[in-house]
Amino acid sequence: MLSFAWFYEKIYPRIEPRRIREQRRAIAGKARRAVLEIGVGNGLNLPYYRRSTDITGIDPDRRLLTYAYRRSTDNTRLIPGHAEELPFKDESFDTVVSTFTFCSVRNPCRVATEIRRVLKTEGCFLFMEHVVSGNQVWHSLQRWLQPCWGRLFGGCCLTRKTLDIFKQAGLEIIELQRLSGGLLPIVSGTALKTPFNNYDNPGGDKNGRQKVAYTNFG
Ligand SMILES: C[S@@+](CC[C@H](N)C(=O)[O-])C[C@H]1O[C@@H](n2cnc3c(N)ncnc32)[C@H](O)[C@@H]1O
């Protein structure tokens, strides 16, 4: 049956630009020790992780997880679930990875806050995401295409302000690469946990959880 999962497994890997594949390899190569990949999908990053890592992949789409299972090894565990409510204790992971997941999640602010919660203090968050265009013409086209695009690509949002969301959740971007522009500006980088305090985060709780409302950003 033609579905997003079918397209993402059977067609997408054949047409994915080489630059993106190389970036998957680079990101997975940087991941260390206990790794959480949110929105692991069909596991396109799995072949690139080091053997010394312990990988946990979470995704709500069970069909994609079945494909991911075929790419997994002994050090991989795959679990169904949403990144808005990660079933892990605080500070459980050395590395969290997200590639093209923030465009699809329902509540990106909440996901970013969960990532910060499960990351160890000295851990790092590695990402590659497509984001809203800074160019007015491309931005208008993104907005125009959005209704049809979202239906075709599993709810994918073209106009998400993902980098702002990371910052607001207390994930400080320390390195950023722009991989493409136009309709689909892709960025990749590394973020660390900022030491949230009540000065930066008036009203935030003692664990540094943010006060900002969990709204669905565009
Ligand atoms: C475009 S695919 C990317 C898959 C994979 N990360 C990759 O790089 O190929 C978006 C993924 O996000 C997953 N997803 C959607 N909503 C999610 C949520 N709330 N929590 C975690 N993953 C989610 C989808 O099931 C899908 O696997």
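Which pattern does the protein follow when read along the sequence? The protein follows the pattern α-α-β-β-α-β-β-α-β-α-α-β-β, with 6 helices and 7 strands. Helices (H or I, at least four residues) and strands (E, at least two) are DSSP runs numbered from the N terminus. The model is predicted: local features need pLDDT of at least 70, side-chain atom pairs count only at pLDDT 80 or more, and totals for chains, interfaces and linings use all residues. Residues are numbered from 1 along each chain as its sequence is written.

- Of the 218 residues, 37% count as buried (20 or more other C-beta atoms, placed from the backbone, within 10 Å of the residue's own; exposed means 12 or fewer, partly exposed in between).

**Helix α3**
- L64, L65 and A68 are buried in helix α3 (residues 62–70).
- These residues lie on the same side of α3 because they cover an arc of only 100 degrees around the axis (taken from the directions from the helix axis to the C-beta atoms).
- R62 and R70 are exposed on the other side of α3.

- Among the 19 residues around the ligand (C-beta atom, placed from the backbone, within 6 Å), G39, G41, D61, A83 and T99 come nearest.
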